[in-house]
Every structure is written in structure tokens, then in C-alpha cells.
Amino acid sequence: MLKLINKIKGLSRRELVIKGLCLFAILIYVYCVLSITLIDRTAGMRRHVLRPMWELSTMLQSGDYSYWSGQIGGNLIMLLPLGFLLPIMSDRFGNIKAAAAAGLVFSLFIEFSQYYTGRGLFEVDDIIHNTMGACIGCIIYVFMIEKLIGRESDME
């Protein structure tokens, strides 16, 4: 705790504002994700699909690309902001491994909560796609930072 306080003291006013806004965004984001995946759902039966890539397989076999690509794309997009916002809060999350770990942990929390409460289908595919989405968010963050740092150094 003391280490965190000392780190906060070392930040400039601008950095504190950015991190504060980012923390606020993360809190709103987590609430929205939990609303979509748990809070706004009615409890029912506990269900699960443990077969990896069953959604992709079903999409290709059925030819129903709009529904299944929406399912897969939605799960990719759902944790993308997490992978983008966490590196702003801490440099520790500015790499793919950390983004994947954070995405995996958050996705597991959602899926186990859905299963336990009966408010959704526990799917291995969701975990895979959510984790990939967090990684994509991190890649976007790193790409943007490299571009911004490159521009700043060009201006000097």
C-alpha cells in the first residue's frame, strides 16, 4: 500500500487526471459488462458447452454467418476495452501476456458466475474469444502509443 501511495505521489497532475479518468471508465465498463452478462438476465438452468470452437464450427456448417459472427464478434469486442484501458492504469498490462491473463481471469469470472447463477451459458468459446479481445485491445493500445511517441519524438 505504501508503495502505491509513493507511486501516486510521483505522478504529475496530468498523469493523475488521466489515470483517474481511466479508472472511472474501467468501473463503468465493468458495470456494463456485468449488466449484459449477469445482472440483466433471468436465472434459469445451469448450462455449459465445453467443446472449443463449436460456434465457429456451427457457423460454417449452418451457413448462418450473421448470427454466429455476431456471437463471436460480440465476445471479441466485449473485452477489447479491458485490454486497452489496463495498460493506461499500469505499465504491467502493456504486453500481450498480461492482457491475455487479465482477459482470461475476467472471462472466467463471468462464465463461472453465469454457470453458478444460471444466468447464461458457460462456454469455452466465450473464454477464448474474450481473451483474444483483450489481447486485441492491448495491441491497439501499444500501436497507438508507438505512433504517439513516434510523433512526439519527430516534433522535438
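The following legends describe close-up views of a predicted model.

**View 1. The largest pocket and the residues around its centre.** The largest pocket holds about 630 Å³ of space. Its lining comprises 18 residues, and those nearest the centre are Arg14, Ile18, Ile88, Tyr141 and Ile145.

**View 2. Helices that line the largest pocket.** Two or more lining residues come from each of helix H2 (13-39), helix H5 (80-89) and helix H7 (124-155). The greatest contribution is that of H7, which supplies six residues to the lining.

View 3. Sorted by class, the residues lining the largest pocket are 11 nonpolar, six charged and one polar.

View 4. No disulfide is found in a search of the whole structure. A disulfide is a covalent bond between the sulfur atoms of two cysteines. For cysteine 22, the closest cysteine sulfur belongs to cysteine 138 and lies 13 Å away, which is too far for a bond, because a disulfide requires the two sulfur atoms to be within 2.5 Å. Cysteine 22 has a relative accessibility of 4% and therefore counts as buried, the limit for that class being under 20%.

Key. Residues are numbered from 1 along each chain as its sequence is written. This is a predicted model: local features need pLDDT of at least 70, side-chain atom pairs count only at pLDDT 80 or more; totals for chains, interfaces and linings use all residues. Side-chain values use heavy atoms; hydrogens and water are left out. On a 1 Å grid over the protein atoms alone, a cavity is a set of points where a 1.4 Å probe fits but cannot get out, and a pocket is an open set with protein on both sides within 12 Å along at least five of seven lines; lining residues have an atom within 4 Å of a point. Grid points are joined across faces, edges and corners, and a volume is the space filled by probe spheres set on the points. Helices (H or I, at least four residues) and strands (E, at least two) are DSSP runs, numbered from the N terminus. Ala, Val, Leu, Ile, Met, Phe, Trp, Tyr, Cys and Pro count as nonpolar, Asp, Glu, Lys and Arg as charged, and the others, Gly among them, as polar. Buried means under 20% relative accessible area, exposed over 50%, partly exposed in between (1.4 Å probe, protein chains only).
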